[in-house]
Amino acid sequence: MSTSNVHTPAKPVQMVRHPSGNPVGKPATRYLLNCWYAAALSTELPTEGTLSRQLLDTGVLLYRKADGTPVALHDRCPHRFVPLSMGQRHGDDVVCKYHALRFDCSGACTHNPHGNQMIPAAAKVRSYALQEKWGFVWIWMGDEPADPAKLPDFSALDDGPPTGIGHTYMHMKANFELIIDNVMDLSHVDHVHGEIISTRGQLTPQIPPVKEENGSVNVRWEWQQTPPIGILAPFLPQPSQSARHFVSVTWHAPATIQLTIGATQDADASLTLDQTQGQYDLHTCTPASATETHYWFATRRNHAVADADFNQFKIQAMHSAFVDEDGPIIEAVQREMGTSDFFALNPVLITSDVAPVRVRRLLARMIEQEGRFA
Ligand code: FES
Ligand SMILES: [Fe+2]
């Protein structure tokens, strides 16, 4: 692979941060904004109290109304800028801790207990559009009207019983693109991972085909290994014998990767999820800041779907593999880089970088087209 013309010098951007994490002036990181990011797992949103989470350098307050509808507000009172998360719920409203201005879930001020109780016209909190789908709450933080169609279809996650799907969350001290790079280049599995997802050196020699289509990037590997990959071997007829495998990995803007993996010992089977023992996974990342990322993983399998104990064991094993095996490397890379501008460091690129570099370039183009920083 050519290593020329991959260097895209960063525009240096100064940032002064409000202590709450909300940027004052230009943000240091150029995020794609008019798109859907995961804000939380559905199970994380409280019906009483609130959840405060930093997303794209901004404090966001998340909760559920009494009727279950999810709500997202800027976690900052417009009066003296106290995080609203320090206050209290008042039914579906929130009351600021400092001087008790009250806001409804659209961000409108509904009560001012002071003086003549007039509500200043500027007493508004920004609210964010949400969609709740496939076990996730997705947030739109851009200035353009939220476009539900920009969230890709991951409905396969809903296809089966609750004992056939696991979700987990990881906090990574690394820029989100390092996490995307890691999943788009699965050759690292040969070197980094232990027995449960070992690919036994079969991916590294390959130059996997990469396709860019409708704003997404797909990379696919097919291989044979003995014994089969640990997470699928017990569900094959001969768990210690050779099996054919595939993995198909598709990135969607801004930071969601859908990964399907399967294995079969049937010589006539095609390498698709419906003809193999396999699983349909989602990796989705949302930057908290340039150097910290919320990372969620969901996995829906097509075997042993009624086994609740295995379900629990499996998601814990996958979580441990990501946290104990990928995590230390990704976070060490971030520390060594000392920046989120990967190309500014003139990285050496090899064949396994084709898909991640394609994603980085496409995302950079989308951010450029958004024009926010033009
Ligand atoms: S800071 Fe919120 S009411 Fe004063
Ligand atoms: Fe990994």
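Mentor: Let's begin with a term: a cavity is a set of grid points where a 1.4 Å probe fits but cannot get out. Keep in mind as well that this is a predicted model.
Trainee: Which residues are closest to the centre of the largest cavity?
Mentor: Leu-186, Val-189, Ile-197, Leu-259 and Phe-322 are the closest, out of 22 residues that line the largest cavity. Helix H1 (176-184), strand S17 (256-264), strand S18 (277-287) and helix H3 (308-337) each give two or more residues to that lining.
Trainee: And what is the lining like by class?
Mentor: It has 14 nonpolar, 6 polar and 2 charged residues.
Trainee: New topic. In what order do the strands of the open sheet run?
Mentor: The order is S13-S19-S18-S17-S16-S15-S14, which makes 7 strands with antiparallel pairing. Strand S13 (165-172) and strand S14 (210-213) each have a single partner strand, so they stand at the edges, with one side of each left without a neighbour in the sheet. From one strand to the next, the twist averages 15°.
Trainee: Over how many bridges do S14 and S15 pair?
Mentor: S14 pairs with strand S15 (residues 216-225) over 4 bridges, in the antiparallel sense. Lys-211 stands opposite Asn-218 in S15.
Trainee: Now the aromatics. How many aromatic pairs does the structure hold?
Mentor: It holds 10. Take Trp-36 and Trp-140: their ring centres are 5.3 Å apart and their planes stand at 65°, so this pair is edge-to-face, a label that applies over 60 degrees.
Trainee: Where in the chain do those two sit?
Mentor: Trp-36 is in strand S3 (residues 36-41) and Trp-140 in strand S12 (residues 136-140), so the pair links distant parts of the chain, 104 residues apart. Both Trp-36 and Trp-140 are buried.
Trainee: What about Phe-310 and Phe-313?
Mentor: They form a tilted aromatic pair, 6.1 Å centre to centre with 35° between the planes. Both lie in helix H3, 3 residues apart, about one turn of the helix.
Trainee: Last one: which residues form one aromatic cluster?
Mentor: Trp-134, Phe-136, Trp-138 and Phe-154 do.

Definitions and conventions:
Residues numbered from 1 in each chain as written. Chains lettered and ligands numbered in written order. Predicted model: local features only at pLDDT ≥ 70, side-chain atom pairs only at ≥ 80, totals over all residues. Heavy atoms only, no water. Pairing = 2+ DSSP bridges. Axes fitted to C-alpha atoms, helices over the stretch in contact; angles between N-to-C directions. 1 Å grid on protein atoms, 1.4 Å probe; cavity = no way out; pocket = protein on both sides within 12 Å on 5 of 7 lines; lining within 4 Å. Nonpolar A, V, L, I, M, F, W, Y, C, P; charged D, E, K, R; others polar. Phe/Tyr/Trp six-rings, centres within 6.5 Å; stacked < 30°, edge-to-face > 60°. Buried < 20%, exposed > 50% of the residue type's maximum accessible area, 1.4 Å probe, protein only.
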